[in-house]
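Work through the exercises below with the sequence and the model at hand. Each task is followed by a solution in steps.

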Amino acid sequence: MSGMHWVGLMKLRDLKLSHRRLISQFAFFLLQNPLLLNFSKGKIHTGSSKMICTPGLNCYSCPAAVLSCPLGSLQLFLAGAQHRLSLFVTGFLLTTGVAFGRLICGYLCPFGLLQDLLYRLKTPKFPTTLRHLKYLKYVVLILFVILLPLVATHELTGLGNPWFCKYICPSGTVFAALPLLAATEGLRRFLGLQFVLKLSLALGILLLATPIYRFFCRVLCPLGAIYALLNPLAIYRLRCARESCTSCGACARACRLGLHPQVKANTPECLHCGDCLSACPQKALVYGLRD
């Protein structure tokens, strides 16, 4: 086979894989957010379906959402000392994490989809492993999702705050706060410094997600931190067929995260973007159940 034909086949294969993942991301976005007309109404769905958590970072207050964010639910339960319910949410996160790991980040998360679309823009790209910054998401998880909602309580009510949702979460800002403010004039009267700071943080994250692949997922996302810890244990996982692998290094060269799937697949930082599968000429990398 000529070099030109081989390149053509590889490009076709890449397009098919990238399109399949993009279709999956849009499909799961709509499954989690089917009430699109609520964006124009400035209305939040409060039906019984909100008792169910979605696996991805999808804000409860998003007008189109019919499910709850697991991080928001966990913080509220910890802040209100509802320990039974917090154990339920923790169990949900552990179950989905052990089943799929960070495949959820790559295929199901709405904010991951937004970052992927931004990265497709024709701008300079900066491939980086984010060496020490990648550990910051674990600090955010421990401090803003667990400790502060549990410990920093109001002296009169005894209740805490959902610190991550209130002060950091860019998904809540983009998919909930901005649409609600655009549709509801009364809400705009109450804007203050806190919203300005949170909006600035969200805009900064989105700007960084354009040249740096999945910046928020890799550096700040506490949900990503949970799934990262569980990724090596995932039942449905990325696997390397050693009998087919020639150790050519094509998968490592294609990885935008600086990982080496042929050496160790399903590392905590793998977001399951599929670039390594597309790059492998032997098709040695596949998804399947854990042995």
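This is a predicted model: local features need pLDDT of at least 70, side-chain atom pairs count only at pLDDT 80 or more; totals for chains, interfaces and linings use all residues.

**Exercise 1.** Which residues is Leu 285 in contact with, leaving aside its neighbours within four places in sequence?

Solution. Step 1: count a contact where heavy atoms lie within 4.5 Å. Step 2: Leu 285 then touches Leu 238, Arg 239, Cys 240, Cys 251, Pro 261, Cys 276, Leu 277 and Cys 280. Step 3: for the distance to Thr 153, go from C-alpha to C-alpha; Leu 285 and Thr 153 are 48 Å apart in space and 132 residues apart in sequence.

**Exercise 2.** How many disulfides does a search of the whole structure find?

Solution. Step 1: look for pairs of cysteine sulfur atoms within 2.5 Å, which is the definition of a disulfide. Step 2: the search finds zero. Step 3: check Cys 69, which is in no disulfide; its nearest cysteine sulfur belongs to Cys 165 and is 5.7 Å away. Step 4: check Cys 169, also in no disulfide, with the sulfur of Cys 165 as the nearest cysteine sulfur at 5.7 Å.

**Exercise 3.** How many residues of helix α13 are buried?

Solution. Step 1: helix α13 covers residues 222-230. Step 2: eight of its nine residues are buried, so the helix is mostly covered. Step 3: the buried residues include Pro 222, Gly 224, Tyr 227 and Leu 230.

**Exercise 4.** Find the phi values of Ser 247 and Asn 266, and state whether each residue is buried or exposed.

Solution. Step 1: recall that most residues other than glycine have a negative phi. Step 2: Ser 247 has a positive phi of about 55°, and phi of Asn 266 is positive too, near 60°. Step 3: Ser 247 sits in the loop between β1 (236-240) and α14 (250-254), while Asn 266 sits in the loop between α14 and α15 (275-279). Step 4: Ser 247 is exposed, with a relative accessible area of 59%, whereas Asn 266 is buried at 2% relative accessibility.

**Exercise 5.** Describe the protein chain as a whole.

Solution. Step 1: the protein chain has 15 helices and two strands. Step 2: its radius of gyration, taken over C-alpha atoms, is 20 Å, close to the 19 Å of the globule rule for 291 residues, so the chain is as compact as a globular protein of that length. That rule is 2.2 Å times the number of residues to the power 0.38. Step 3: buried residues make up 47% of the 291 residues.

Methods: Residues are numbered from 1 along each chain as its sequence is written. Side-chain values use heavy atoms; hydrogens and water are left out. Helices (H or I, at least four residues) and strands (E, at least two) are DSSP runs, numbered from the N terminus. Buried means under 20% relative accessible area, exposed over 50%, partly exposed in between (1.4 Å probe, protein chains only).
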